[in-house]
Amino acid sequence: MLPIGSTIGIIGGGQLGRMLALSAAQLGMKTIIFCPDENSPAFDVTPNKIIAPYDDENALTKFANSCDIITFEFENLPAKSIKFLESISSVSPDSRALFISQDRIKEKEFLLRSDINIASFAPVNSIEDLEKAYLKIGPKAVLKTTRMGYDGKGQRIVSSLEMAKQAYEELKNSELVLEKFIPFEREISVVIARNKDGQVRDFEPAENIHENHILKTSTIPANIDNITAKRASRIAQQIVGSLNYVGVLGVEFFITSADPKSADQNPILLVNEIAPRVHNSGHWTQAGCITDQFEQHIRAICNWPLGDPTRYCDVVMENLIGDEIIDAHKNLKSGVQPHFYGKKQIREGRKMAHLNIVTK
Ligand code: AMP
């Protein structure tokens, strides 16, 4: 258990790193942020920073020697750098969770081994693979890069072999996976925490709406029955248990209705993705719970007792994307908790802020 006043190293200087650093400060901890971009929003909230590429071993050594524990705010880090950090310091979550979630095929294989339902898929490394995979998985499917995909980047929805071939031409410089398109009724996510001692707490599922593949809103409570919520929670618990995971993790699900011919008429839950970090769909916890996901992550990696994830109000979390930040401060209603990230540049599709709107 790390004492108060310890130093937490955070890799990545975006809004998640910023909110983690704020929570760490609230708990009396110090932070150092490692990020190559000198304009990182997280640099505004802590005086300690290292500006260097993620594969600069001298800078990584200096960073590791200054921290009691290292964590990260995004999963697309070079594997070699994480292994290097693990060889000299303590990293939570560990490289196993990171490597699994960095690669969609590894992630799917892990979920299948854990007996968790997912959309059918096939790896695609050649045009022959694509044709075979499409015959098996089509007519409607999603071709995705196995790595570095986020906010819809590196994926194409296809509904004919022709379209699939065109998408393949656009994405073929990366390893690919073809996934069955799931005509889901809704998307939900569970944000869950586990500390080193194995204590586990999860927040209620949020219902997520994406616009242009980017999360727009998370609504709590989700419009699902108790049985489905409990099943989602159990699946998330199974995932953190089998990874021996330490920290906060997000699990995204598709929900579809049961096959009318099936004896089991409960909605079907398919895991779409896991994220080994605090998650955008968990931002509502800042307004809805005594302990939010950022504090929970710091508690978990320091092996402190986890906080209470009970929800005290209904919340809609809304991301402000691109231009939506302009004048957002002028229209703030009471009952709205704003989180502005202090990003200097507005770009199309860039997450600039979120609002937690307390609805009941
Ligand atoms: P991902 O990067 O895999 O999380 O995908 C981003 C979003 O694209 C998801 O949250 C869904 O809204 C949509 N999506 C991804 N994969 C599928 C799929 N197989 N079927 C239907 N929609 C999908």
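1. A residue counts as exposed when its relative accessible area is over 50%, and as buried when that area is under 20%. Asn 212 has a relative accessibility of 71%, so Asn 212 counts as exposed. This residue is found in the loop between β11 (206-211) and β12. Asn 212 is not a glycine, yet its phi is positive, at about 50°. Keep in mind that the model is predicted.

2. Asp 115 is another residue to check for its backbone. Its phi is near 65°, a positive value in a residue other than glycine. Asp 115 sits in the loop between α5 and β5 (121-124). Is Asp 115 buried or exposed? Its relative accessibility is 70%, so Asp 115 counts as exposed.

3. Next, helix α1. This helix covers residues 15-26 and has 12 residues. From its first C-alpha to its last, α1 reaches 17 Å. That is close to the 16 Å expected at 1.5 Å a residue. After α1 comes Gly 28, and the phi of Gly 28 is positive, near 80°.

4. The loop between β16 and β17 holds Tyr 341. Tyr 341 has 1% relative accessibility and therefore counts as buried. Leaving aside residues up to four places away in sequence, Tyr 341 touches Gln 15, Arg 18, Met 19, Pro 41 and His 283, among others. Its contacts also include Asn 319, Lys 351, Met 352, Ala 353 and His 354. Tyr 341 and Asn 48 are 293 residues apart along the chain, and their C-alpha atoms are separated by 18 Å.

5. Arg 347 is also found in the loop between β16 and β17. Its relative accessible area is 42%, so Arg 347 is partly exposed. Arg 347 and Ile 321 are 26 residues apart in sequence. Their C-alpha atoms are 8.3 Å apart in space.

6. Now the helix pairs. Two packed helices are described by the angle between their axes and the distance between the axes. Helix α2 covers residues 57-66, and helix α3 covers residues 79-88. Their axes come within 10 Å and cross at roughly 40°. That angle makes α2 oblique to α3. The crossing of α2 and α3 is right-handed.

7. Which residues make the contact of α2 with α3? Glu 57, Leu 60, Thr 61, Phe 63 and Ala 64 come from α2. They meet Lys 80, Ser 81, Phe 84, Leu 85 and Ile 88 in α3. The residues of this contact divide into six nonpolar, two polar and two charged.

8. A second pair is α6 (residues 127-137) with α7 (residues 161-171). These helices pack at an angle of about 145°, and their axes are 10 Å apart. The crossing of α6 and α7 is right-handed. On the α6 side, the contact is made by Ile 127, Leu 130, Glu 131 and Tyr 134. On the α7 side, it is made by Leu 161, Ala 164, Lys 165 and Tyr 168. The residues of the contact of α6 with α7 divide into six nonpolar, no polar and two charged.

9. Lys 108 deserves a look. This lysine lies in helix α5 (residues 104-113). Its relative accessible area is 4%, so Lys 108 is buried. Not counting residues up to four places away in sequence, Lys 108 touches Ile 118, Phe 121, Val 177 and Glu 179.

10. Finally, the cis peptide bonds. The bond from Gly 138 to Pro 139 is cis, with omega near 10°. Pro 139 lies in the loop between α6 and β6 (141-145). The bond from Ile 220 to Pro 221 is cis as well, with omega near 5°. Pro 221 has its place in the loop between β12 (214-220) and α8 (226-242).

How values were computed: Residues numbered from 1 in each chain as written. Predicted model: local features only at pLDDT ≥ 70, side-chain atom pairs only at ≥ 80, totals over all residues. Heavy atoms only, no water. Helix = DSSP H or I, 4+ residues; strand = E, 2+ residues; numbered from the N terminus. Expected span 1.5 Å × (residues − 1). Axes fitted to C-alpha atoms, helices over the stretch in contact; angles between N-to-C directions. Parallel < 35°, antiparallel > 145°, perpendicular 65-115°, else oblique. Left-handed = near helix turned anticlockwise from the far one by under 90°. Contact = heavy atoms within 4.5 Å. Nonpolar A, V, L, I, M, F, W, Y, C, P; charged D, E, K, R; others polar. Buried < 20%, exposed > 50% of the residue type's maximum accessible area, 1.4 Å probe, protein only.
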